[in-house]
Amino acid sequence: MKKLLLTTLTVFAFSAQADYLGSSHNWNNGSSDPFKAAIAAAESGYAANLKANMAWRDTGAMIKEAKKLQASGNTAGALALADAAHTQTVNAAAQTVAAGSAGPRF
Amino acid sequence: MKKLITAVVSLGLMVGTASAGTDVEADRKAFVGHFKSIKPNVEFADYTNGVYAYDEGSRDQFEEILDGIPPYEEAVEKGGAEFEKFGLGKCAALADPAAARVKHPYYDEAAGTVVTLEGTIRKCYTEQTGKKMGTMKGKLARISAWVSDQAAGEKVNVKVESDGAKAAYERGKATFYAKRGQFNMSCADCHVYQAGKKARADILSPALGHTTHVPMYRAKWGGIGTLHRRYGGCYKNMRAKPIMAQDEVYRDMEFFHQAMSNGLEITDARYRK
């Protein structure tokens, strides 16, 4: 029982960590499928941007479109778009940090 | 241990001073001073006319429109009729419409949040009719315009007094000055630093005086829209995802935005192209 609990906790700790990394920078969160990794990074980044009220206008549509491309078999296009969406979320996260100290220049 | 206590106490002080350092009147003076420095010949009172204080080319057209029957006149009249029809005067907060326009936006201490004129109208409408009202155009914009008309000639006078109010004001100020969206721009980048310059077909309006004529009529909309509708439009232009109209983010920004126009006359000249 003790062992099981320990294992569960360890797995939980690892997955929590992987999740955290995935939501910030990790482009390939351990997945062997590059699209899955890229779209997961874009989605978690976008969720964080929305929560901070700093999301970009087109990120949501790009994520949707990337999934469509993937489903239609255009894997290269899908990956490129998912990566572009993820890059937007990283830039929006940087704006979120800068926004904390925003003020006039006079 | 002593060190820890000192650290905790000074951290507490830092948090405390965030709003204790808020000086709205100093902010406003610096704001007005900026516009004075970029347009030394424009009188303070003329900022009530928004972009037409700067855009001499279309000022004649603006004045002609006001001399005739402005395209929003019928809608505002309808707003007055709707105010009656829905019994909005029965709500204490709207019993005196002119006073209501001047009082809003204000910080509600009990609720711990900024209350906008549109928020009060929507709440009263629901109380009187049991129905919900939109947030950007139609009835709300018409009624809000009519209420604001009653205060034409009075001055914008937003009060930011308590710690809670100051915190909301600071949040709104940060939203206004923060860069956002794909173009990495802030509201101030266009409406403060570049005010009076051309952006495609438009002359960028100064943020000073932005809230004297709200809700505004816009030829492009073909109707009247609320200030938060305009916020949404500018968010989209910045390639940022708009926040919902009447969300706290926009209410806080409005609190700051209107406070910067304190001392300017409220006007019923709502036309903008």
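**Met185(B)**

I started with the contacts of Met185(B): leaving out residues up to four places away in sequence, it touches Ala178(B), Lys179(B), Arg180(B), Cys190(B) and Met238(B). Contact here means heavy atoms within 4.5 Å. This is a predicted model, where local features need pLDDT of at least 70, side-chain atom pairs count only at pLDDT 80 or more, and totals for chains, interfaces and linings use all residues. Side-chain values use heavy atoms, with hydrogens and water left out; residues are numbered from 1 along each chain as its sequence is written, while chains are lettered from A and ligands numbered from 1 in the order in which they are written.

Met185(B) sits in the loop between H8 and H9 of chain B. Helices (H or I, at least four residues) and strands (E, at least two) are DSSP runs, numbered from the N terminus. I noted Met185(B) as partly exposed because its relative accessibility is 28%. The cut-offs are under 20% relative accessible area for buried, over 50% for exposed and partly exposed in between, with a 1.4 Å probe and protein chains only. I also checked Arg239(B), which is 54 residues from Met185(B) along the chain, and the two C-alpha atoms are 9.3 Å apart.

**Nonpolar cores**

Next I looked up the largest nonpolar core and found 44 residues in it. Such a core is a set of buried Ala, Val, Leu, Ile, Met, Phe, Trp, Tyr and Cys residues joined through side-chain atoms within 4.5 Å. Among those with the most contacts inside this core are Phe31(B), Tyr169(B) and Val192(B). H11(B) supplies the largest share of this core, six residues. A second, separate core has 14 residues, including Phe86(B) and Leu140(B).

I then followed Val192(B): not counting residues up to four places away in sequence, its partners include Phe31(B), Phe35(B), Phe176(B) and, in chain A, Phe106(A).

**Arg101(B)**

Arg101(B) is in helix H5 of chain B. I found it buried, yet without a salt bridge. A salt bridge is a side-chain nitrogen of Lys or Arg within 4 Å of a carboxyl oxygen of Asp or Glu. The nearest side chain of opposite charge is Glu254(B), 6.3 Å away; Lys and Arg count as positive, Asp and Glu as negative, and His and the chain ends are not counted. Beyond four places in sequence, Arg101(B) is in contact with residues including Leu117(B), Ser148(B), Val214(B) and Gln258(B).

I searched the whole structure and got two cavities of 30 Å³ or more. On a 1 Å grid over the protein atoms alone, a cavity is a set of points where a 1.4 Å probe fits but cannot get out, and a pocket is an open set with protein on both sides within 12 Å along at least five of seven lines; lining residues have an atom within 4 Å of a point. Grid points are joined across faces, edges and corners, and a volume is the space filled by probe spheres set on the points.

The largest cavity holds about 80 Å³. Arg101(B) and Glu254(B) are among the residues that line it.

The largest pocket holds about 1400 Å³. Its lining has 46 residues, and those closest to its centre include His191(B), Arg218(B) and Arg230(B). H10(B) gives the most to this lining, 11 residues.

**Chain A**

Last, I checked chain A, which has four helices and zero strands. I noted 25% of its 106 residues as buried.
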